[in-house]
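I opened my notebook to get to know a new structure, one look-up at a time. Here is what I wrote down, in the order I went.

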Amino acid sequence: MHEQPLEGPLVGEDGSVGYRGVTACQAVGISYRQLDYWARTTLVVPSVRDASGSGTSRLYSFRDLVVLKVVKRLLDAGVSLQNIRRAIDTLRSHGVEDLAGITLISDGTTVYECRSPEEVVDLLQGGQGVFGIAIGGAFKEIQGSLSHLPAEPAAPQPVDEAPAEPAAGDELAARRARRRAG
């Protein structure tokens, strides 16, 4: 098994890393204010780590970023926040692998989930579809955006053995011990 670097086009799909809010905003193309509002109103809550008070930061998973991208596209297309919430609730029930095969079609009011080209054609022939969002396309866009943005481990890395505590006031020794342990 080889280690995957923290940066690259496929980073984070397995949930091993998270992305801070600023990085999420850059990858998705939204403002930090939007991201914060969506988190506070539970539209898209960070699944790696939510903020737990002053000084803590949210960490979003790759899947969260894909959902954020879909929300942005639906808003840009004029779909109401209420209908977006319904669509997102449906998406939450699917894993990352399932999301890639879904196309969302909307008439501006209702959002339909299609899993095959035939379902897309049926909706379009029935007159319901006005625009579509291929979730797989959002995957690729997020992967491309993240290729040059920072990520961080989702969980602190365990240390096998804690270094011995240096004598009080010996800051240099403490730094050396931390460097050896890390």
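Entry 1: I started with strands E3 (residues 103-106) and E4 (residues 111-114), which run antiparallel and are joined by four bridges. I kept in mind that this is a predicted model. Within that pairing I looked up Leu-104 and found that its bridge partner in E4 is Glu-113. Between the two strands of the hairpin there are four residues, and Gly-108 has a positive phi there, near 95°.

Entry 2: One place along, I noted Ile-105 standing opposite Gly-132 of E5.

**Entry 3: the sheet as a whole.** Putting these strands together, I wrote down an open sheet of three strands in the order E4-E3-E5, with antiparallel pairing. On average, neighbouring strands here are turned by 25° against each other, direction ignored. I then checked what packs on this sheet, and it was helix H3, which touches E3, E4 and E5. The direction of H3 makes about 170° with that of E5.

**Entry 4: H3 meets H7.** I stayed with H3 and looked for a helix that it crosses. A reminder to myself: two packed helices are described by the angle between their axes and the distance between the axes. For H3 and helix H7 (residues 135-146), the axes come within 9 Å and cross at roughly 115°. The crossing is right-handed. On the H3 side, the contact is made by Phe-62, Leu-65, Val-66, Lys-69, Val-70 and Arg-73. H7 brings Ile-135, Ala-138, Phe-139, Glu-141, Ile-142, Gln-143 and Leu-146. Sorted by class, the contact has nine nonpolar residues, one polar and three charged.

Entry 5: I moved to helix H2 (residues 32-40) and found Leu-35, Trp-38 and Ala-39 buried. Why do I put these three on the same side of H2? Because they cover an arc of only 100° around the axis. The buried residues of H2 pack against helix H1 (21-28), strand E2 and helix H3 (62-76). After H2 comes Thr-42, with a positive phi near 60°.

**Entry 6: a second sheet.** E2 sent me on to another open sheet of three strands, with the order E2-E1-E6 and antiparallel pairing. Its edge strands are E2 (59-60) and E6 (152-153), each pairing on one side only. Strand E1 (residues 17-20) pairs with E6 in the antiparallel sense over two bridges. I looked up one of the partners, and Val-17 has Pro-153 as its bridge partner in E6.

**Entry 7: stepping back.** Last, I looked at the whole protein. The secondary structure comes to eight helices and six strands, and along the sequence I read the pattern β-α-α-β-α-α-α-β-β-α-β-α-β-α. How much of the protein is made up of buried residues? I noted 38% of the 182 residues. Among contacts between residues at least 6 apart in sequence, 62% join residues at least 24 apart.

How values were computed
Residues are numbered from 1 along each chain as its sequence is written. This is a predicted model: local features need pLDDT of at least 70, side-chain atom pairs count only at pLDDT 80 or more; totals for chains, interfaces and linings use all residues. Side-chain values use heavy atoms; hydrogens and water are left out. Two strands pair if DSSP finds at least two bridges between them. Buried means under 20% relative accessible area, exposed over 50%, partly exposed in between (1.4 Å probe, protein chains only). The arc is that of the directions from the helix axis to the C-beta atoms. Contact means heavy atoms within 4.5 Å. Axes are lines fitted to C-alpha atoms, for helices over the stretch in contact, and angles run from 0 to 180 degrees between N-to-C directions. A crossing is left-handed if the near helix is turned anticlockwise from the far one by less than a right angle, and right-handed if clockwise. Ala, Val, Leu, Ile, Met, Phe, Trp, Tyr, Cys and Pro count as nonpolar, Asp, Glu, Lys and Arg as charged, and the others, Gly among them, as polar.
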